[in-house]
Amino acid sequence: MTSRPLFEVDEKGIQCFVEDVQCLWCSSSRGRIDECPIAVLEEPPSALKFLRDFVSVSRPCIIRNAVSFRCTVTDLVRLDPQMQLVVDVSPDGHADVLRHVQTPTEKKDERIPPEEDDSNKSDCIRTIFVQPEQRCMTIESFYNQLVHQSNQQIIKRKRSYAGQEPCSQVFQSIEKQAAKKENGNDPISDETLEDESVFYYSRQNDCLRQELTEFWKSSTTTHDTNQLPQTFVWAEEAFGTGPPQAVNLWMGNERSVSSMHKDHYENLFYVASGEKLFTLCPPADAPFLYEQKCESGRFHWDADRREWMVHLEDDADDNPSVDEPVQTRWIAADVTMKHNVEYSQAFSLLRYTHPVEVKVKEGELLYLPALWFHRVTQTRETVGVNYWYDMKFESPNWTFFHLLQQFKPPT
């Protein structure tokens with residue numbers, strides 16, 4: 001029995017909400033400096049100003065002259081060519097994204113109609129949240145891969161994400177037993193891959209302080225001007241949640257794309273070299289982005305077949321007594337395709353979203369408030385460092401956002 005919705009809202013009500021969000025967070029006239037659609041501060045603010053004008057109202061901004069540190073991938077290679085990294089690898093640079101995966105399934109699965117033959121299995125194309133394969137390599141090998149990517153004829157033109165590209169290709173699944181037998185649970189060290197594979201360093205596990213400890217120590221304790229801060233005192237005071245929970249290093253080029261997602265952290269992202277390109281949507285856009293639960297998987301390069309496959313994950317990977325698929329909430333729609341007529345017919349609610357494109361240049365620090373949706377890429381080879389501070393859950397922002405997440409688009 002289908003339950004009736006408790007509340008209803010008409011087009012006029014939605015439009016009023018969309019206009020309110022536009023005025024609050026995405027006004028093109030507020031703080032417009034050098035054609036940047038968000039506020040730009042020429043120096044670090046006081047804790048009071050930062051809290052009052054940005055943190056309390058969940059408003060992003062760019063802060064200049066907050067950090068003197070500069071660093072390229074080449075600098076890191078010179079520092080220690082044998083520095084060990086765990087690198088994300090994908091067939092096209094789109095990691096952590098929804099894709100179509102062809103999987104064998106029992107015929108009792110209602111998604112596959114029964115066939116009049118003796119086979120008890122068929123194929124099912126499912127939408128799967130697919131993470132990149134992880135590979136161990138030295139930073140020198142990683143840098144060589146970035147150079148190789150940049151020298152390929154296929155990327156001499158600027159590659160832009162066409163929205164439907166990652167999901168247009170159907171990948172085959174591989175049984176977890178086969179993947180584990182070949183790789184175990186550890187990152188892969190064999191570097192034999194197809195030429196167009198894309199490498200990106202994005203550990204997101206406090207890697208600077210936990211894995212790259214020598215680099216972190218040398219960068220934060222140096223007595224010259226090229227110093228990386230361990231925290232930002234004015235930000236830490238404004239957030240009121242203590243020191244950073246994680247400090248992460250990011251390295252990649254224009255071929256790497258992180259699809260639209262959100263984090264439960266207050267984020268300060270610094271560009272040490274290159275340029276980052278963020279597409280931002282405020283938390284109020286949650287009902288219009290088609291976030292959904294999907295099964296999870298991870299890319300696996302099959303050296304024998306010379307093709308990328310997807311290993312489906314289940315809870316048995318962590319708990320052998322459970323054999324259920326891992327579920328991940330992820331966004332199905334791509335806001336950069338908002339104005340594509342054909343694409344917008346499939347995702348009609350995108351017309352209510354408020355995407356803002358922000359370029360963060362070398363030497364600039366982006367404040368990205370907790371729960372803001374963001375899609376991220378680079379315009380060239382880029383090194384970034386981000387500081388994650390805990391968000392406050394005992395706040396009106398979280399209560400409001402949590403309610404919006406419960407709204408489901410019509411089917």
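A: Start with a cut-off: a residue is buried when its relative accessible area is under 20%. Keep in mind that this is a predicted model.

Q: Why do residues of one strand point two ways?
A: Side chains in a regular strand alternate between the two faces of the sheet.

Q: Which face of strand β17 is covered and which is uncovered?
A: V356, V358 and V360 make up the covered face of β17 (residues 356-361). E357, K359 and K361 make up the uncovered one.

Q: How do you know that β13 and β17 pair?
A: Pairing needs at least two bridges between the strands. β13 (residues 275-281) and β17 are joined by 6 bridges, so they pair. They run antiparallel. E275 has K361 as its bridge partner, and T279 has E357.

Q: What joins β19 to β11 and to β13?
A: Bridges again. β11 (residues 257-261) has 3 of them to β19, in an antiparallel arrangement. β13 has 6 to β19, also antiparallel. The cut-off is at least two bridges, so both count as pairs. H374 of β19 stands opposite H261 and opposite L280.

Q: Why are β4 and β17 called edge strands?
A: The open sheet has 5 strands in the order β4-β11-β19-β13-β17, with mixed pairing. β4 (94-95) and β17 each pair on one side only.

Q: What makes F232 and Y387 an aromatic pair, and what is its geometry?
A: Two values settle it. A pair of aromatic rings is described by the distance of the centres and the angle of the planes. Rings pair if their centres lie within 6.5 Å, and planes over 60 degrees apart count as edge-to-face. F232 and Y387 are 4.9 Å apart centre to centre, with 75 degrees between the planes, so they form an edge-to-face pair.

Q: Why does the pair of F232 and Y387 tie together parts that are apart in sequence?
A: F232 lies in the loop between α8 (213-221) and α9 (233-239), while Y387 lies in strand β20 (residues 382-390). The pair therefore ties together parts 155 residues apart in sequence. Both F232 and Y387 are buried. They also belong to one aromatic cluster, which includes F50, F54 and W234.

Q: How do you know that F299 and W308 are edge-to-face?
A: The cut-off is over 60 degrees. F299 and W308 have 70 degrees between the planes and 5.6 Å centre to centre. The count of aromatic pairs comes to 25 by this rule.

Q: Why are F299 and W308 called buried?
A: Buried means under 20%. F299 has a relative accessible area of 3%, so it is buried. W308 counts as buried at 4%.

Q: Is D334 buried or exposed, and how do you know?
A: D334 has 5% relative accessibility, so it counts as buried. D334 is found in the loop between β16 (327-331) and α10 (341-346).

Q: What makes the link between D334 and T336 a polar contact?
A: The limit is 3.5 Å between N or O atoms. The side chains of D334 and T336 make their contact at 2.8 Å.

Q: Where does D334 lie relative to Y290?
A: D334 and Y290 are 44 residues apart in sequence. In space they are 9.4 Å apart, C-alpha to C-alpha.

Q: What makes a space a cavity rather than a pocket?
A: In a cavity, a 1.4 Å probe fits but cannot get out, whereas a pocket is open. The structure holds 3 cavities of 30 Å³ or more. The largest cavity has a volume of about 80 Å³. Its lining includes Y290, R329, F407 and K408. That lining divides into 6 nonpolar, 1 polar and 3 charged residues.

Q: What lines the largest pocket?
A: The largest pocket has about 790 Å³ of space. Of its 24 lining residues, F7, V9, I14, F407 and K408 are the closest to its centre. α1 (11-25) and α11 (396-405) are the elements that give two or more residues. The largest share, 4 residues, comes from α1. The lining divides into 16 nonpolar, 2 polar and 6 charged residues.

Notes
Residues numbered from 1 in each chain as written. Heavy atoms only, no water. 1 Å grid on protein atoms, 1.4 Å probe; cavity = no way out; pocket = protein on both sides within 12 Å on 5 of 7 lines; lining within 4 Å. Points joined across faces, edges and corners; volume = space filled by probe spheres on them. Nonpolar A, V, L, I, M, F, W, Y, C, P; charged D, E, K, R; others polar. Buried < 20%, exposed > 50% of the residue type's maximum accessible area, 1.4 Å probe, protein only. Polar contact = N/O pair within 3.5 Å; in protein donor to acceptor, adjacent residues only side chain to side chain. Phe/Tyr/Trp six-rings, centres within 6.5 Å; stacked < 30°, edge-to-face > 60°.
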